[in-house]
Amino acid sequence: MSTPTPTARIFSSDNAAGASAEIVDAVARAASGQALPYGADRITGDARRRLCEIFEHDVDVLLVSTGSAANALSLAALTPPWGSVLCHRESHINNDECGAPEFYTAGAKLVPLGGDDAKIDPEELRAAARHKAGDVHSVEPSVVSITQATETGAVYTLDEIRTLGSIAEEAGLRLHMDGARFAGAVASLGCSPAELTWRAGVDLLSFGATKNGTMTADAIVVFDRSRTAELAFRAKRAGQLTSKMRFQAAQLDAYLTDGLWLRNAAHANAMAARLQQGLKAIPGVGLLGAADANILFCRLPQQVTEGLLAEGFAFYHDRWAPGVVRFVTSFATTEQDVDLLVQAVSRLAV
C-alpha cells in the first residue's frame, strides 16, 4: 500500500490545496433550511452582486463545477462550429482539456500561436486574425483566448491585454480569458479586475476560483450579456445547471467576501517568490523565468530531482524538457513548506 504524500511536500499543483475555512463554513450554513433551486436562491443572487461590485460592471454569472466547463462553454458561446479559436500553443485549452473546447463548440478548430512566456505574440495574432477570413474553404477566425496567469506562471500586463484586445476588436473577434489563476494576476499587478478584463476588451472570463480556495465551484463572468441566453442553454445541456446551486454560490460568496480571494492569491504568490529567492542561491539550480504569480519553473540536476522524489516531494518534472521541473504554491502553502523544499534541494545539490 502506497503512503500518501505529506501535504507539506506537494508542489505539483494548487489543485492539491484544500478549501478556505470561511468557504467551508459558508457551505455548512447553506445546508440548513430550504432554498429555491437552479440559482433562484438568495445566496446565488448575493454572489452575482459581489461580482458586479468587484468588476464595476453589470455582469451576468453562470456558476459551473470546473474550470474546464467554464472554458469550453465560454468558447462554445463565442465560436461557431466553422470558427477557430486563436490561443497560445502552451495554453491549457490546447493541451489539457481533452478536446473539450472542440467538443462543446461542435468542431471549432484551435489554432495555436507562439510567443514568449506562453503569451500570445501580437504580430502572430494580427496575422492569424486575418488569415483566410471569409474563405469558405477554411475555418473562420472567431475568438481569441488568453490565459491569465499563463501556463509558465507569467502574467499578462494591462498594456499587453489591451494590445491583444485591440487586435481582436479590429478583426471582429471576441476575446475570452481563461482566468484559472486570475486572482494571482490581480494580486501581482495591483490593478482592478475591471481594468484587467472588460475595460481591456474581454467578453467572457472563466473566473478560476477552484485553485484558490473554493471546493467545487467556478464561474463564467459575462461582460457581453448578449451571450447570456445562449450560455444558459449550453450550461443546462452540458449538465452544468446545478439544482442546489446555493452550495456553489455559497462558496463564491464567501470567496469574494472581505477580500479573501485576493488574500489567498497574494499569499500563494508570496510563497512562490520565497521559493524563487531560496533556490536562486543554490549552485546548479537554474531558474527559468520570473514567478509573476504562483508557478516557478527551474532546471535541476538529475540527482536532485530523483532525491526529491525519493523523499516524497510531489512536482512535475521532465514534462516540458529534460531536467525542467515545475513547482506550484497555493494559499495553503506555508513558509515552513517552502523552506523544507529549499533545504532539501540545497542538501541534494552538494
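Biologist: Before we start, what does "buried" mean here?
Modeller: A residue is buried when its relative accessible area is under 20%. Keep in mind that this is a predicted model.

Biologist: Good. How much of the chain counts as buried?
Modeller: Of its 350 residues, 51% count as buried.

Biologist: And what is the secondary structure of the chain?
Modeller: There are 14 helices and 11 strands. The radius of gyration is 21 Å, close to the 20 Å that the globule rule gives for 350 residues, so the chain is as compact as a globular protein of that length.

Biologist: What does the C-alpha trace span along its principal axes?
Modeller: About 60 × 55 × 40 Å. As for contacts between residues at least 6 apart in sequence, 76% of them join residues at least 24 apart.

Biologist: Why is β7 called largely enclosed?
Modeller: Because 5 of the 5 residues of β7 (residues 218-222) are buried, the strand is largely enclosed by the rest of the structure.

Biologist: Which way does β7 pair with β1, and over how many bridges?
Modeller: β1 (residues 60-64) and β7 are antiparallel and share 5 bridges. Within that strand pair, Leu-63 has Ala-219 of β7 as its bridge partner.

Biologist: How many bridges between β6 and β7?
Modeller: β6 (residues 204-206) pairs with β7 over 3 bridges, in the antiparallel sense. Ser-206 has Ile-220 in β7 as its bridge partner.

Biologist: While we're on α2, how does it cross α11?
Modeller: The axes of α2 (residues 42-55) and α11 come within 8 Å and cross at roughly 35°. The crossing is left-handed.

Biologist: Which residues make that contact?
Modeller: From α2 there are Ile-43, Thr-44, Asp-46, Ala-47, Arg-50, Leu-51 and Ile-54. From α11 there are Arg-246, Ala-249, Ala-250, Leu-252, Asp-253 and Leu-256. By class, that contact has 8 nonpolar, 1 polar and 4 charged residues.

Biologist: α1 also packs on α11. At what angle do the axes cross?
Modeller: Roughly 145°, with the axes of α1 (residues 21-30) and α11 (residues 246-256) coming within 8 Å. α1 passes α11 in a right-handed crossing.

Biologist: Which residues meet there?
Modeller: Glu-22, Ile-23, Ala-26, Val-27 and Ala-30 in α1 meet Arg-246, Phe-247, Ala-250, Gln-251, Ala-254 and Tyr-255 in α11. The classes come to 8 nonpolar, 1 polar and 2 charged residues.

Biologist: Switching topic: what about the sheet of 4 strands?
Modeller: That is an open sheet in the order β8-β9-β11-β10, with antiparallel pairing. The edge strands are β8 (286-288) and β10 (316-317). Helix α12 (residues 260-279) packs on the sheet and touches β8, β9 (295-299) and β11. The direction of α12 makes about 20° with that of β9.

Biologist: How many bridges join β10 and β11?
Modeller: 2 bridges, with β11 covering residues 324-328. Tyr-316 has Arg-326 in β11 as its bridge partner.

Biologist: Last one: where is Thr-197, and is it buried or exposed?
Modeller: Thr-197 is in the loop between α9 (193-196) and β6. Thr-197 has 0% relative accessibility, so it counts as buried.

Biologist: What does Thr-197 touch?
Modeller: Leaving out residues up to four places away in sequence, Thr-197 touches Phe-55, Met-177, Phe-182, Val-202, Leu-205 and Phe-223.

Methods:
Residues are numbered from 1 along each chain as its sequence is written. This is a predicted model: local features need pLDDT of at least 70, side-chain atom pairs count only at pLDDT 80 or more; totals for chains, interfaces and linings use all residues. Side-chain values use heavy atoms; hydrogens and water are left out. Two strands pair if DSSP finds at least two bridges between them. Contact means heavy atoms within 4.5 Å. Axes are lines fitted to C-alpha atoms, for helices over the stretch in contact, and angles run from 0 to 180 degrees between N-to-C directions. A crossing is left-handed if the near helix is turned anticlockwise from the far one by less than a right angle, and right-handed if clockwise. Ala, Val, Leu, Ile, Met, Phe, Trp, Tyr, Cys and Pro count as nonpolar, Asp, Glu, Lys and Arg as charged, and the others, Gly among them, as polar. The radius of gyration is taken over C-alpha atoms; the globule rule is 2.2 Å times the number of residues to the power 0.38. Buried means under 20% relative accessible area, exposed over 50%, partly exposed in between (1.4 Å probe, protein chains only).
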